[in-house]
Amino acid sequence: MGGTNVWDAEWEVNEEQARTLIGRQFPQLSSKQVKRLGWGWDNTVFLIGDEYVFRFPRRTIAVGSIRMEGKLLPQLEAYMTIPYPKPLLYGEASDEYPAPFLGYAYVPGDFPIGLTEERRALSAETLAKFLRRLHEFPVQAALKCGVQQDHRNLTDIASRKVKLKGFLSKLVEHLSSEESGVIEAYISRLQKDRVEAVNALLHGDLHFKNMLVNENGIVSGIIDWGDLSVGHPACDLSVAYSFLPPYARGVFFETYGGADEETKLLARLIAVYIPILILMQAVDDGNEAIAAEAKSNIMRALSD
């Protein structure tokens, strides 16, 4: 069934199928409205009434991740300082749909798109406290739940640089010459090949499409935990560069409990890398708002 894109699904689930699958296993929800909220590379997401969000894996590779989230996310509750979607309803695989699916508490909020720098700065301490606690979660307990350990070779800067250069060549006509120039200059200044491994439990995919803000622009929810993994904390600390303006980074790292120069170097690299991936997909989807936000994240990450 797979098409040409890496993010084409193996199984598509529409609203009608989702309603049937959910109603069959959770009859108490059968009268509620079902609305597709969106879909990522790995899951299709539905809002049920205004209390639950259900995620259905779109590909085999996402099934292990749904199972792991079902085990680990409830254990994180005592560590969470920002609302997150806690799993509440566990759907089983069946003849009609070959994968387990998961129902979570719905976390309200808006995506932080087009926020002013002043509004972003308001979340510096909130984000730092959240990551400090998350990164304190016992790594052994996480590994027991089936979390992968550094499956993305986060500390390998050299190979990430090679990939970045490849991405840039594809994006040439979608970036201004100034944007391209800033990114190229940054890549060529990046001399370190790798940093020492450090192990912490990571959200693993912390960017503007997985964060929610309230009406004041303050971070009020962290969603999409499908990339939970153990690896270098710089992966999550990248939000200090992609999300926060330069003048708010001092208070962020102070509240977090400090970070060495290697960690900051890697955090900045990931703060460029993730939005470039988002930009490539946004260009493919023709989504100008997401593309513009991804670009502003990259340029913020590269400003001091």
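Reader: What covers the buried residues of H10?
Author: The cover includes helix H4 (124-134), helix H8 (234-237), helix H9 (239-242), helix H11 (261-285) and helix H12 (288-301). Helices are DSSP runs of H or I with at least four residues, strands are runs of E with at least two, and both are numbered from the N terminus. Contact means heavy atoms within 4.5 Å. This is a predicted model, in which local features need pLDDT of at least 70 and side-chain atom pairs count only at pLDDT 80 or more, while totals for chains, interfaces and linings use all residues. Residues are numbered from 1 along each chain as its sequence is written, and side-chain values use heavy atoms, with hydrogens and water left out.

Reader: Which residues of H10 are buried, and what puts them on the same side?
Author: Arg249, Phe252, Phe253, Thr255 and Tyr256 are buried in H10. Their arc around the axis is only 160 degrees, so they sit on the same side of H10. The arc is taken from the directions that run from the helix axis to the C-beta atoms. An α-helix has 3.6 residues a turn, so residues three or four places apart point the same way.

Reader: Why is threonine 255 called buried?
Author: Buried means under 20% relative accessible area, exposed means over 50%, and partly exposed lies in between (1.4 Å probe, protein chains only). Threonine 255 has 14%, so it is buried. The residue lies in helix H10 (residues 249-256). Leaving out residues up to four places away in sequence, Threonine 255 touches Glu125, Ala128, Lys129 and Arg132.

Reader: What makes arginine 55 and glutamate 69 a salt bridge?
Author: The rule asks for a side-chain nitrogen of Lys or Arg within 4 Å of a carboxyl oxygen of Asp or Glu. Here N to O is 3.0 Å. Arginine 55 is in strand S3 (residues 52-57) and glutamate 69 in helix H2 (residues 61-72), so the bridge ties together parts 14 residues apart in sequence. Arginine 55 counts as buried at 7%, and glutamate 69 at 1%.

Reader: How many salt bridges does the rule give?
Author: The count comes to 14.

Reader: Which parts does the bridge between glutamate 117 and arginine 300 tie together?
Author: The closest N and O atoms of glutamate 117 and arginine 300 are 3.0 Å apart. Glutamate 117 lies in helix H3 (residues 117-121) and arginine 300 in helix H12, so parts 183 residues apart in sequence are tied together. Glutamate 117 is partly exposed at 27%. Arginine 300 is buried at 7%.

Reader: Which residues line the second largest pocket?
Author: Tyr186, Arg189, Leu190, Lys264, Leu265, Arg268, Leu302 and Asp304 line the second largest pocket. Helix H7 (177-189) and H11 are the elements that give two or more residues to this lining. H11 gives the most, with three. On a 1 Å grid over the protein atoms alone, a pocket is an open set of points with protein on both sides within 12 Å along at least five of seven lines, and lining residues have an atom within 4 Å of a point.

Reader: How are arginine 268 and aspartate 304 joined?
Author: Their side chains meet in a salt bridge, 2.7 Å from N to O. Arginine 268 lies in helix H11 and aspartate 304 in the segment after H12, so the pair ties together parts 36 residues apart in sequence. Arginine 268 is buried at 18%, whereas aspartate 304 is exposed at 74%.

Note on methods. 1 Å grid on protein atoms, 1.4 Å probe; cavity = no way out; pocket = protein on both sides within 12 Å on 5 of 7 lines; lining within 4 Å.
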